Number of protein chains: 2
Amino acid sequence: MSKTAGSPLNPISSITMTDQAEQRLREYFISQGYKIGDALPKEIELASELGVSRSVIREALSRLRMLGMIDVRKRRGTILTEPDVLSGMERILELNFLGKETLKRLFEVRLMLEMGLGEFLFNRIDDQHLQKLDGIVKEEELTGDKARLIQLDITFHATLYEITGNPVLIRFQEMLQPIFQYVLDYRAEIHQPGTAPEVTHQDLLDILKNGNAASFREAMKNHFEHHFQLIT
Amino acid sequence: MSKTAGSPLNPISSITMTDQAEQRLREYFISQGYKIGDALPKEIELASELGVSRSVIREALSRLRMLGMIDVRKRRGTILTEPDVLSGMERILELNFLGKETLKRLFEVRLMLEMGLGEFLFNRIDDQHLQKLDGIVKEEELTGDKARLIQLDITFHATLYEITGNPVLIRFQEMLQPIFQYVLDYRAEIHQPGTAPEVTHQDLLDILKNGNAASFREAMKNHFEHHFQLIT
DNA sequence: GACTAAAAACATGTAGAACATAAGTATTTT
DNA sequence: AAAATACTTATGTTCTACATGTTTTTAGTC
């Protein structure tokens, strides 16, 4: 029986004892009702209970440590901590090894998020935010520097995220920013005079000052019109 | 000088050589212009170059392996692979160790996403989806079982995500689902007859059939009205 | 020479011992 | 009782050894 090359049934990279140990540890935390702050057994005990060597346990614990699930201190042992929900993604996005398909999907998520910002902006915006946006829009009108315009575009949208005051969201946006730089470059490209008119940052800002969430949603939709036209 | 208890300046858990090795490896991938499919040097060589033992390198590689950045095979060595952007978050959400603040922020993100779904739904919905939603809505009208209603509510919204055909988004929603079960319970609670009328699933479905993205956005906003009222 | 089967070489996977290091704990000293 | 000291302990790191599964090489057969 011959094996088809490139078959969808690739030989799964062998599941190592470390993989299993990591999974068993996570299951163990849940089944034992562990809570944040609780202390774990010693490495040797864990190794003994799982029937593996200390090396394996340490590799597994090292993974959990990276995710911020545990905090290990000499002599004191290991304690459970509140993990950083974005830690893994941050490392991955920094690497910039994602394929085109995934990037496309992430960009779609980004568009959805910005379309949903409205409800939160009007509840949380303050004068400081408005001043910052004012400054950005004013400089956009004055400058002729293309690179600067791109920078200002990024900052404008980043500021919108900031207004929500949602740290998870803000950090997520910061992580995506460098990845979608090229999209913004492209966006700046088509913003040439002569292109069809659209809702500008100035328009969005006016709505933030005098409008409401509903009008902001529609404006945002128009502001992103070009991106939505590319949806397949 | 006494140390304030619970001070914001907690002693940072010592940065181990494994932590450094992991970071150095990621930087190394970037600086050396590695691409997916490229092979890494042997563990011993990496250890030698970083001046650490093989154990330390293996703990670092084990972390990268968990994120799907590398694929290690016996004898063949390690090759770079496209990482799974959600792998880390998936493990963390499964654990359910997140604090109230983070959960609140994640729920806000979820609300934003659903508010932004509209543009994508109308481009990608097909008859199969409509039939599924029809079935859900019909059963919602018939059943009196509260638990079943909650289940149907979850399924309705999950189906909306499915329609986008965005795997990253769909998986993200699936990951969050068990975490926000309690929110849905609460939502079902306030959906008692007598409560203020609002946009129902039937209404949303009608819009998906005959409406457009703009009307869907407004409908979604009304559907979530109660949640938005809780925004501070 | 071409194909097949056995053998060797090899990198990772796992185990285990040993020691270093930091942080509690107990003991002694004043 | 307070402070200095020695001791104990669990993790951090290194090293050695061997198992395991692939790849490559060699040997063998037709």
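Contact means that heavy atoms lie within 4.5 Å of each other. With that in hand, let's look at how two copies of a chain meet in this predicted model, where 97% of the interface residues of chain B are also interface residues in chain A, so the copies meet through the same surface. Residues are numbered from 1 along each chain as its sequence is written, and chains are lettered from A in the order in which they are written. Local features need pLDDT of at least 70 and side-chain atom pairs count only at pLDDT 80 or more, while totals for chains, interfaces and linings use all residues; side-chain values use heavy atoms, with hydrogens and water left out.

**How the copies are arranged**

- Two copies of a chain are related by a rotation about an axis and a shift along it.

**Salt bridges**

- Side chains of opposite charge can pair when their charged atoms come close.
- A salt bridge here is a side-chain nitrogen of Lys or Arg within 4 Å of a carboxyl oxygen of Asp or Glu, and the count over all chains is 48.
- One of them joins Glu22(A) to Arg91(B), with the closest N and O atoms 2.5 Å apart.
- That pair crosses between chains, going from helix α1 (residues 17-31) of chain A to helix α4 (residues 87-95) of chain B (helices are DSSP runs of H or I with at least four residues, strands are runs of E with at least two, and both are numbered from the N terminus).
- Glu22(A) is buried at 1% relative accessibility, and Arg91(B) is buried too, at 18% (buried means under 20% relative accessible area, exposed over 50%, and partly exposed in between, using a 1.4 Å probe and protein chains only).
- Asp84(A) and Arg171(A) also pair up, at 2.8 Å from N to O.
- Asp84(A) sits in the loop between β2 (77-80) and α4 (87-95) of chain A and Arg171(A) in helix α9 (residues 167-176), so the pair ties together parts that are 87 residues apart in sequence.
- Asp84(A) is partly exposed at 28%, and Arg171(A) is partly exposed at 23%.

**The largest cavity**

- There are four cavities of 30 Å³ or more (a cavity is a set of points on a 1 Å grid over the protein atoms alone where a 1.4 Å probe fits but cannot get out, and lining residues have an atom within 4 Å of a point).
- The largest cavity has a volume of about 190 Å³, counted as the space filled by probe spheres set on grid points that are joined across faces, edges and corners.
- Its lining has 16 residues, and those nearest the centre are Met89(A), Phe172(A), Met89(B), Val109(B) and Phe172(B).
- The lining of the largest cavity divides into 16 nonpolar, no polar and no charged residues (Ala, Val, Leu, Ile, Met, Phe, Trp, Tyr, Cys and Pro count as nonpolar, Asp, Glu, Lys and Arg as charged, and the others, Gly among them, as polar).

**A look at Ala158(A)**

- Ala158(A) is found in helix α8 of chain A and is buried at 12% relative accessibility.
- Leaving aside neighbours within four places in sequence, Ala158(A) is in contact with Gln173(A) and Gln177(A).

Conventions
1 Å grid on protein atoms, 1.4 Å probe; cavity = no way out; pocket = protein on both sides within 12 Å on 5 of 7 lines; lining within 4 Å.
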